[in-house]
Amino acid sequence: MAATGGCVAFSTLLLSCKLTPSPSSGNLRPNQSRRRFAVSSESQFTATVRNETKRTTSFGENGIFKEKDKGEVREGVSEEKPQNPYGLERERNESEEDTSRKSLKDYFEESKDLIGSEGGGGGGPPRWFSPLDCGSRLDNSPLLLYLPGQSHEEGMEFIELYATFAKWTNVASKGACTFSANGNYVEVDWIDGVGLGLIMHHQSLGKIFDIWCLHIPVKDRTSFTDLVKLVEQTVRSENFHSPNRPIYLVGESLGACLALAVAARNPDIDLSLILANPGTSFEKSQLQPLIPLLEILPVQYQLSLSYMLSSMTGDPLRMAMDKVMKGPPLQQAAEGLSKDVVALSSYVRVLANILPKETLLWKLKMLKSASAFANSRLHAVKAQTLLLTSGRDQLLPSEDEGKRLRHALPKCEIRRFNNNGHYIFLEDGVDLVTVIKGASFYRHGKCHDYVFDYIPPTPFEFRNICESNRLLMRATSPVMLSTSKDGMIVKGLAGIPSEGPVLFIGYHMLLGFDLVPMVTTLLMERNILMRGIAHPMMFMRKKEGNLPELSSFDTYRIMGAAPVSGNNLYKLLSSKAHVLLYPGGLREACHRKGEQYKLIWPEQSEFVRMAARFGAKIVPFGVVGEDDFGEVVFDYDDQMKIPFLKDFIKELSEEADTVRTGLNSEVNQDIHSPVVLPKFPGRFYYYFGKPIETEGRMRELRDKDNAHELYMQVKSEVEKCLAFLQEKRESDPFRNILARLAYQSTHGFDSEVPTFEL
């Protein structure tokens with residue numbers, strides 16, 4: 001995986017390797033060259049070190065992680081005894097932290113080391129570097145260029161950094177506030193101009209991207225237009241050498257302005273922009289009035305930065321307590337609380353002492369010019385864009401700016417972080433890779449491929465998804481049954497085929513409540529990722545309107561959902577995936593009154609010949625329990641009788657692509673939401689029937705009649721599964737939630753609740 005040593009090795013390398021001019025190119029190169037480390041463009045600076053061993057990360061079938069090292073392949077967690085990483089992650093204690101992820105403490109310490117090293121940041125032109133802990137990645141990974149947001153606005157963004165420090169109170173107690181050397185304070189004017197703003201994401205990003213970070217030395221005064229030219233030259237050079245590889249520009253604040261400027265000047269290059277709290281809103285921010293104030297302020301009267309900090313960020317004790325309330329266990333947080341408050345106060349005094357008026361004025365003017373430059377060229381930006389906006393950004397009006405840019409940019413999506421501040425990449429609870437995967441923003445070619453560009457969820461992502469659905473799992477207490485090869489019904493999922501391709505065909509429960517328990521249990525118990533074929537409204541929109549935002553469906557995309565299409569089904573089965581398909585689709589999930597457990601399938605055999613083409617095993621299944629949780633009281637037919645609701649449903653349906661155009665009206669379904677009257681919770685029951693083999697039957701199933709016969713056989717098996725479960729649940733003594741709670745109160749709330757006898 002990632003190389004040891006992290007980004008701090010950058011400064012160590014610069015101290016140990018003497019840089020000498022190259023006779024042929026005039027570039028600076030280290031005397032010894034082992035691992036590729038840093039690259040620059042216009043700065044004519046290069047430090048090149050090559051890998052001793054080539055290591056890549058890949059993903060096998062069903063999301064099993066594989067690591068290749070010197071031709072050796074390891075599956076699962078251990079070579080000796082493969083284990084399910086998703087099950088192991090769920091067993092972890094909730095208070096355990098992800099130790100592989102770096103912290104804000106690492107950010108400050110490594111930045112300080114980098115700036116303090118010879119040639120690291122005291123002087124020289126801007127240049128690129130690639131962090132050492134980003135050394136292991138997928139084959140043919142796209143290039144990601146990180147453009148720091150505070151390279152020329154650090155001073156005024158210390159204001160927000162103070163708020164950030166208050167949120168991560170555990171950092172101060174671990175010694176992250178050590179800013180002195182030999183009794184003197186180290187100048188911290190470098191904050192994030194060093195290019196370490198993604199330090200918390202290096203390891204995860206490094207598995208799927210080739211990462212270069214822009215480093216701007218402390219004393220550098222390169223203008224914004226020259227920075228644009230530097231990044232532009234790198235983009236053009238890399239595009240020339242790899243024209244089919246997309247280039248990602250990740251920028252925050254001023255870096256976002258830089259990314260927009262480069263994209264506007266290079267509309268023909270395949271770029272993807274990820275912009276966090278863009279600085280394009282500078283004119284509307286509370287920072288803009290500081291410029292005339294600083295210009296008229298006499299030298300003998302230094303601006304009271306401490307007062308600015310306290311007035312713009314609030315009470316440090318209150319913000320520290322916020323961390324206590326939503327962070328680690330109370331006792332652990334309380335131990336460091338007093339130290340944290342002292343450290344925060346100390347840090348503010350340091351900032352006030354080291355930030356001269358001239359530096360602050362320079363940086364404010366830089367951001368102002370960058371904002372104007374980018375805004376004047378928004379019309380020329382053609383790149384795909386993902387906006388990340390914070391709800392508690394106290395420097396810039398990022399939420400409003402996100403709405404403006406979303407309409408100004410042609411291919412733009414937005415993800416909102418309501419409880420985060422300006423430094424979103426340095427905050428706990430934000431994982432950039434998870435955001436990218438949830439937005440389907442990762443690609444190797446011209447556009448995102450939902451099959452071949454898909455990256456399975458990490459065990460940590462899966463754990464978070466399970467935690468967010470814990471209430472549903474406890475309320476439904478799902479019972480899982482499957483069928484072995486000899487036809488025996490067994491408890492659990494042992495009867496599910498491990499090797500793909502497998503096609504699951506079943507009944508779609510009301511509002512799709514059956515999805516979460518089924519998909520998560522299968523992944524946790526069998527390490528099998530079920531790739532669902534889903535409605536297009538979860539992935540794209542023809543126009544904006546009243547449908548839920550696309551971000552509402554990010555979890556489905558992280559778990560492998562793909563838009564319904566013959567092409568996607570073909571690619572999934574050809575890759576030997578486990579595929580979930582509901583022939584009844586939206587029509588079953590939004591069924592009418594009295595239609596529970598009724599299969600509403602099209603007449604055509606849609607999936608049979610496709611399954612036979614790849615020899616896929618068809619697993620029919622049924623799920624019951626919706627009638628124990630709710631009852632449809634106001635359905636589609638009722639809503640269509642009311643004129644304004646009829647118009648509203650029509651508008652909703654026009655916002656997304658339709659499915660099965662031209663088929664009979666019984667299967668087609670407009671987008672709407674039936675009104676459901678909740679009931680006292682019962683229990684969900686799943687039954688996976690005996691797999692139906694299609695291997696070797698391709699010639700037979702080319703015949704339309706034979707294919708239809710198998711189609712009806714699958715439908716009949718699903719109906720049998722539903723009938724079996726409806727009958728057997730009557731004998732379940734724990735069907736009612738009160739009975740289950742009574743059982744768990746004596747056996748533990750994580751204990752498995754028994755069910756009926758088979």
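The following legends describe close-up views of a predicted model.

Residues are numbered from 1 along each chain as its sequence is written, and side-chain values use heavy atoms, with hydrogens and water left out. Because the model is predicted, local features need pLDDT of at least 70 and side-chain atom pairs count only at pLDDT 80 or more, while totals for chains, interfaces and linings use all residues.

**Figure 1. Overview of the protein.** The secondary structure comprises 27 helices and 24 strands. Helices (H or I, at least four residues) and strands (E, at least two) are DSSP runs, numbered from the N terminus. Of the 758 residues in the protein, 56% are buried; buried means under 20% relative accessible area, exposed over 50%, and partly exposed in between, with a 1.4 Å probe and protein chains only. Among contacts between residues at least 6 apart in sequence, 80% join residues at least 24 apart, where contact means heavy atoms within 4.5 Å.

Figure 2. Two strands pair if DSSP finds at least two bridges between them. Strands of a sheet pair through backbone hydrogen bonds, either parallel or antiparallel.

**Figure 3. Strand 15 and its two partners.** In strand 15 (residues 479–483), 5 of 5 residues are buried. Val479, Leu481 and Thr483 point one way, whereas Met480 and Ser482 point the other way. In a regular strand the side chains alternate between the two faces of the sheet. Strand 15 runs parallel to strand 24 (residues 685–688), to which 3 bridges join it, and Met480 stands opposite Tyr686 of strand 24. With strand 16, strand 15 pairs in the antiparallel sense, again over 3 bridges; here Thr483 stands opposite Ile489. The hairpin of strand 15 and strand 16 has 5 residues between the strands, and Gly487 in this hairpin takes a positive phi near 90°.

Figure 4. Strand 17 and strand 20 run parallel and are joined by 4 bridges, with Leu581 of strand 20 as the bridge partner of Ile505. Strand 18 also pairs with strand 20 in the parallel sense, over 3 bridges, and Arg531 stands opposite Val579 in strand 20.

Figure 5. Strand 18 (residues 530–534) and strand 19 run parallel, joined by 2 bridges. Ile533 stands opposite Ala562 in strand 19.

**Figure 6. The loop residue His508.** His508 lies in the loop between strand 17 and helix 18 (515–526). At 10% relative accessibility, His508 counts as buried. Leaving aside neighbours within four places in sequence, His508 is in contact with Asp514, Leu515, Tyr582, Gly585, Glu588 and Ala589. His508 and Val623 are 115 residues apart along the chain, and their C-alpha atoms are separated by 8.0 Å.

**Figure 7. The loop residue Ile199.** Ile199 is found in the loop between strand 9 (184–185) and helix 6 (202–206). This residue, Ile199, is buried, with a relative accessible area of 2%. Not counting residues up to four places away in sequence, Ile199 touches Lys102, Asp106, Tyr107, Glu110 and Leu426. Ser103 is 96 residues from Ile199 in sequence, and the C-alpha to C-alpha distance of the pair is 7.9 Å.
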